[in-house]
Structure formats: C-alpha cells, structure tokens
Amino acid sequence: MTSTHHYDIERLRVDEHCSEIADRHYLQLLSQSFPTIADAAKEIINLEAIMNLPKGTEHFLADLHGESEAFQHVLKNASGNIKRKVNELFGNDLRESEKKELCTLIYYPEQKLELIKAREQDIDDWYRITIHQLVKVCRDVSSKYTRSKVRKSLPDDFSYIIEELLHERTDDQDKAKYVAVIVNTIISTGRADEFICAICNVIQRLAIDQLHILGDIYDRGPGAHKIMDTLRQYHSWDIQWGNHDILWMGASAGNDACICNVLRLCLRYSNLATIEEYGINLVPLATFALDVYGDDPCEEFIPRLLKPDPRMDDKTLQLTARMHKAITVIQLKQEARIFRRHPEWQMTDRCLFSAIDYERHTCTIDGREYEMRSCHFPTIDPADPDAMTPDEELLMQKLHHSFRISEKLHKHIRVLLSHGCMYAIHNSNLLFHASIPLADDGSLKPVEIYPGKTYQGKELMHNIGMMIRAAFQSDNSKLSIANSQLPTEYPRDYARDYFLYLWCGKDSPLFDKSKMATFERYFLKDKDTYREEKGNYFKLRDSADVCDRILDAFGVEGPNRHIINGHVPVHASKGENPIKAGGRLMVIDGGFSEAYHSETGIAGYTLVYHSRGFQLVQHEPFTSQRDAIVRETDIKSTTQIVEMSAHRMLVADTDKGRELKAQVADLKELLYAYRHGIITEKRS
C-alpha cells in the first residue's frame with residue numbers, strides 16, 4: 001500500500017468522522033468565531049468551568065395585579081433570599097437590629113442612607129464598617145457567577161473598585177492594607193453614598209439570576225405601569241401571560257370589548273392611576289355617564305375601595321359609579337357583537353340583554369326566570385337590546401382612539417410580547433398562568449381556536465400564542481405596534497376578536513370556567529347565578545397521574561419535574577396546601593392584590609429555586625414602602641422547603657448546561673478538524 005493511498009484512507013476516515021458529528025459548513029462558520037486551536041481550546045476551558053459553577057437562583061412570582069410597592073419589595077429582598085444570606089454570613093456577629101438595618105439598606109439604599117446620616121454621629125466610621133459588610137454580602141451572592149458575568153453587572157463608575165474589593169483576600173496583611181486604603185479613599189473623596197447605593201444595587205441584581213412572572217401584572221392595584229417600567233430595566237426575566245395581561249393586550253390591539261372590560265375593572269376598584277399614566281382620556285365617558293345616568297343612583301356600581309381613599313368623596317363616588325355602569329352596559333353590548341360574529345364559540349347564550357323581560361324586570365337563563373336587581377337601561381331598545389345608540393358609538397370611537405394612540409401602553413405591550421408566551425419550560429419546570437384544558441377523564445381536551453384548527457396541550461398553547469401575535473400584524477397605519485414579521489397564519493381581525501374568548505371563553509386556558517358571571521353579579525338578585533364552575537384542570541390537578549400526563553405531553557423530562565402556575569389564590573386560612581399532586585404541582589398565586597387578603601388569610605406565595613433546591617415562601621401582607629424604610633419592617637415570610645437536592649446543583653444540571661455541553665462538543669469537533677487539516681486555522 002502506497003503512502004499516498006494510506007493518507008487518502010485516513011483522510012476519508014477523518015471526513016466521515018467529521019460529517020457524522022457536525023456539519024462541515026457549520027464548523028466553517030464556527031471557525032470564524034474561534035479562528036485558531038488556541039481560541040477554541042480557551043473557550044472549551046471557559047465553558048467547562050462555567051458548567052461547574054452552582055446553578056443560578058430562579059425567582060417565581062405570579063398575580064402581581066398592579067401592587068407595585070409589594071412587587072418592588074419582594075424583588076429587592078428576593079423573597080427573603082438576601083435576608084437569609086445576611087443571617088448566614090453574620091450569624092451572631094451582628095445583633096438582630098443591625099442585620100435588619102443592613103438588609104433595609106440593601107433594599108432601599110438611597111432612602112435609608114438619608115435616615116442613617118441624620119442620626120449617626122461618626123458617619124465615617126459607619127461608612128467604613130458598612131462598606132466592608134456590603135462587600136462581604138456582594139462577594140457571597142457573586143460567588144456562583146464568572147468574573148465576566150459579575151463585571152457586566154457592575155456600574156461603570158465603580159466597576160474597577162468593586163471588582164478589586166470582591167477578589168482581594170483580606171486575611172493577607174498586605175492585601176488588607178490595600179483594601180483598607182480603597183475604602184478610606186472612597187470615604188475621603190465624598191463618594192461613600194454613591195458607592196453604597198451602587199454595591200447594594202449589584203447585590204439585588206446578583207441575588208436573582210432569572211425572574212419568572214407567571215402572569216397577571218395588570219388590574220386591581222394602582223401600579224401596573226410602574227411594574228412594567230421596572231421589568232423593562234430588569235436584567236433577565238420572562239412572563240407567561242395571564243388573563244388580565246391578555247385583556248390589556250386586547251385593548252391595545254383595538255378589541256373594543258377588551259377596552260370596556262379594562263375600564264370597567266379600573267372603575268370597579270376606583271383605580272385609575274394606570275389609565276391616567278397611559279393617557280387614556282376619560283372625560284368623554286364622564287360626560288356621557290352624567291348625561292345618561294345622572295338621575296340613577298347606580299348602587300350596584302359603587303366602587304370597591306380596598307382601603308380608605310380621602311379623594312373619594314360622595315360626589316366622586318357617584319360619578320365613578322355612573323361611569324362604571326355606563327361602560328358595563330357598553331361592554332355587554334360589545335361582547336354580544338363579537339359572540340354573534342363567532343357562533344362557533346358557542347357563547348351567544350351570554351348575550352343576556354336579549355333575555356330580559358323589560359316590563360316584568362326579569363331575566364330568563366337556562367329556562368329559569370330570575371328577578372333583576374335593577375332594570376334601568378336608558379340606552380337599551382328592547383326590540384334590539386344589543387344595538388349601540390349613536391352617543392355610545394361616538395363614545396366608543398373616542399375610547400378606541402385613545403387606547404390605540406397611547407405610546408406608553410404600546411411600549412409596555414411590546415415588552416410583554418418580546419418577553420412573553422403562553423407557557424415556558426425551564427429546568428424541568430412547566431410554567432403557565434392558569435390551566436391546560438382537560439376532558440372529564442383527565443386527558444388533554446381538543447380545543448378549536450379557529451375554524452378547522454383544533455389543538456390540545458402543547459400545540460394548543462403554542463398556537464394561541466401565534467394567534468395573539470397575529471393580532472399585532474402591521475396594518476400599515478401609525479396605530480400598529482408591531483412589524484410585518486409577525487405570523488400571518490391567523491387573520492388579524494379574527495385574532496383581535498379572540499382576545500375576548502381568551503378572557504372569558506369556557507375552554508380558554510386563561511379562564512377555564514363555565515361562564516364569566518359579570519351580568520349576573522351586577523343585575524340579578526339570586527346569588528346562585530353568580531357561580532362560575534371551574535374546569536376540569538382545577539378539579540383534577542391534585543392527581544399525580546393527571547399532572548404526569550400534562551408534563552409528558554409538553555415533553556418535560558427529569559426526575560424532579562414540576563408544573564408551576566398561579567391564577568387561583570390559595571386559601572391558606574382554610575388549610576389549603578399550595579403543593580399538590582404529590583409535589584408535582586406548585587400553585588404560587590402571589591396574592592399581592594389586597595382584594596384577596598381577607599379571602600386567603602395571607603398575601604400569597606412566591607417560589608425560589610436555588611442550587612440546593614426549592615423553597616416556597618409564604619408572605620404576610622406588605623404594609624408600605626415607608627414602613628419598610630423607616631421601621632425596617634420586612635414582609636413577614638415563612639419558608640417551606642419543598643424539595644432539596646442530594647447534591648448542590650451545578651450549571652451543568654440545567655437547560656443552560658445542556659446548551660453549553662453541546663457547544664463544547666461542537667468546539668471539540670472544531671479542534672479535531674483543525675488538527676487533521678480539514679479546516680485551516682486563520683492566524684493573523
């Protein structure tokens with residue numbers, strides 16, 4: 001055998017090996033990023049090292065409902081994670097009052113500094129001690145990250161200084177002097193306040209690697225827009241859309257029934273802060289309400305005040321109630337239009353203005369007659385009860401225009417679209433807001449979301465997500481908030497209508513009840529009509545077999561896999577457990593909304609998933625940011641260990657680790673290709 005022939009056989013073996021593992025063209029592309037053996041080897045070393053770091057901490061929150069102060073606090077204290085670290089680091093070295101003050105400083109550095117400086121006699125000494133304490137905390141929370149990742153989280157002004165302090169050993173005498181000089185210089189140059197604020201913000205950022213929001217940022221509370229502003233700046237987060245988020249997305253897309261629902265909920269809770277922030281003009285609605293319902297006491301529409309509001313005098317309450325009734329009547333008419341437009345939804349039975357006997361003041365539902373609480377409807381023609389009056393049409397046009405031109409609202413909806421979806425799978429955890437439609441036997445229920453398009457389980461959630469995005473297709477107008485690259489599989493007009501079905505449709509995974517009893521609660525005396533029967537998911541979710549079936553359908557793997565969702569408050573005061581189905585399901589309705597506190601007995605749950613396992617945190621109601629700063633009142637929380645890992649989980653054990661392993665395998669193939677002459681190094 002000639003040497004040339006031997007070389008050809010060897011080259012053929014090399015080529016076959018390379019083609020089996022990685023496509024040659026892909027390796028050529030990869031070589032552009034790693035042009036030499038040294039570059040590829042260095043990256044392999046880097047990735048292997050990252051995989052052996054502890055898993056980053058994930059933070060799960062749900063059902064924020066506009067309670068921005070409580071949300072900000074839970075975000076700042078990482079559901080007690082920072083307090084836990086302070087206790088671990090300082091133990092008995094600090095008094096409880098000192099640890100409490102240190103935690104409050106980390107949460108609210110600017111505000112707390114002002115209070116401390118007003119009472120400290122030797123502020124330089126306090127600065128010196130506190131900076132060393134903060135560096136110690138920062139060193140601990142940054143220990144599970146690479147220097148590169150930590151560096152990227154540092155503020156420009158103090159990046160070099162913080163990095164030096166984090167990585168120098170103070171047990172070395174020379175280094176201790178070096179560190180002391182740095183700290184003293186920070187103080188002597190008058191930069192201590194800025195430095196403390198900077199390092200506190202770094203601690204907050206590094207305490208949580210990934211934030212998961214399981215839906216319902218909007219409605220009830222006054223600060224949904226503030227929550228969205230915070231999330232826009234947050235380093236790493238995702239959201240699984242909730243029914244209240246979908247309602248606002250539908251309003252932004254131009255669904256008039258969603259617009260009415262949004263306004264009705266804001267008026268019901270006398271919460272107009274977010275509406276005002278988005279520049280929605282309610283003067284036309286107020287004028288219309290006074291003209292049409294000026295002599296109507298609208299008793300059933302008096303707002304639900306979650307706490308005393310000095311701005312709500314009798315006159316304001318009456319105006320709000322009249323606006324509330326006006327928009328509710330229009331909402332029910334707008335919904336009837338859409339239900340009749342889509343008989344395939346089987347929701348025309350919810351067109352209840354047609355079921356009223358306006359002379360006898362009764363309403364017939366499912367063949368049974370019920371007495372009306374009120375039958376004063378000056379804008380309803382009994383011969384055509386769902387028809388809009390000319391004044392209602394004009395008002396609706398104005399409200400529609402106001403929502404469609406709100407730049408800030410559209411900016412926030414774009415953020416929800418870019419960070420969100422109907423479901424997500426992270427590290428063997430299936431995340432969604434409310435439910436997965438199930439048949440009576442617990443199998444996945446097929447749901448038709450568009451004529452001829454029926455899906456179940458994972459495909460259902462995916463295609464609903466596609467439908468939602470289709471509603472924001474470009475219409476070549478200034479009102480469009482998205483671009484022409486969005487999916488076109490579903491017609492835009494149908495997709496916009498579908499927001500209403502997602503809000504109140506029987507088989508909607510965001511609702512999953514027999515009906516939404518809006519009409520009954522406002523207008524009927526019999527409270528039995530208010531009952532909304534929950535769907536099969538809520539009836540069967542305690543079953544481990546049902547949860548396993550859902551997890552299998554979504555392709556969730558791993559020995560410790562879970563479903564995590566919110567939507568339904570956990571009635572802890574009645575003994576309900578948020579851990580269901582033998583640990584396969586965790587319900588973490590955050591209970592941030594004050595409307596639920598008397599019902600649940602607590603403020604709900606959040607979840608922390610760190611390198612040692614899951615911790616479910618049960619929270620008491622948050623008082624106020626002022627109390628947290630001045631009185632140092634943290635949210636009282638009880639931590640329940642859900643699941644602890646036998647070994648400390650590493651990055652290699654996560655989804656990210658699997659990605660990194662695949663990258664390492666590709667880089668090793670690139671090394672093979674370089675060393676066997678299949679691809680030539682690109683030396684400069």
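How many bridges join strand β12 to strand β14, and do these strands run parallel or antiparallel? Select residues 562-565 for β12 and 585-587 for β14: 3 bridges join them, and the two strands run parallel. Helices (H or I, at least four residues) and strands (E, at least two) are DSSP runs, numbered from the N terminus.

Before going further, note that this is a predicted model, in which local features need pLDDT of at least 70 and side-chain atom pairs count only at pLDDT 80 or more, while totals for chains, interfaces and linings use all residues. Residues are numbered from 1 along each chain as its sequence is written, and side-chain values use heavy atoms, with hydrogens and water left out.

**The sheet**

Now widen the selection to the open sheet of 5 strands, ordered β8-β9-β12-β14-β13 with mixed pairing. The edges are β8 (423-426) and β13 (579-580); each has a single partner strand, so one side of each is left without a neighbour in the sheet. Two strands pair here if DSSP finds at least two bridges between them.

**Helix α5**

Select residues 81-90, which form helix α5, and show the side chains of N81, I82, K85, V86 and F90, its buried residues. They lie on the same side of α5 because they cover an arc of only 145° around the axis. That arc is taken from the directions from the helix axis to the C-beta atoms. Buried means under 20% relative accessible area, exposed over 50%, and partly exposed in between (1.4 Å probe, protein chains only).

Just after α5, stop at G91, which takes a positive phi of about 40°.

**P222**

Move to the loop between β2 (210-213) and α13 (224-233), where P222 lies. P222 is partly exposed, with a relative accessible area of 44%. Its contacts, leaving aside neighbours within four places in sequence, are G66, E67, N271, A273 and T274; contact means heavy atoms within 4.5 Å. Draw a distance between the C-alpha atoms of P222 and G66: they are 5.4 Å from each other, although the residues are 156 apart along the chain.

**Cysteines**

Select the cysteine sulfur atoms. With a disulfide defined as a pair of these atoms within 2.5 Å, the count comes to 0. C375 is in none, and the nearest cysteine sulfur, that of C363, is 9.1 Å away. C375 counts as buried at 16% relative accessibility, whereas C421, at 26%, counts as partly exposed.

**The largest cavity**

A cavity is a set of points, on a 1 Å grid over the protein atoms alone, where a 1.4 Å probe fits but cannot get out; lining residues have an atom within 4 Å of a point. The structure holds 3 cavities of 30 Å³ or more, and the largest contains about 110 Å³ of space. To see its lining, select L332, E335, F339, M347, R350, L352, C504, M516, T518 and F519. The elements giving two or more residues to this lining are α18 (314-341) and α23 (518-523). The largest share, 3 residues, comes from α18.

**The whole chain**

Finally, show everything: the protein has 28 helices and 17 strands. Of its 684 residues, 55% count as buried.

Key:
1 Å grid on protein atoms, 1.4 Å probe; cavity = no way out; pocket = protein on both sides within 12 Å on 5 of 7 lines; lining within 4 Å. Points joined across faces, edges and corners; volume = space filled by probe spheres on them.
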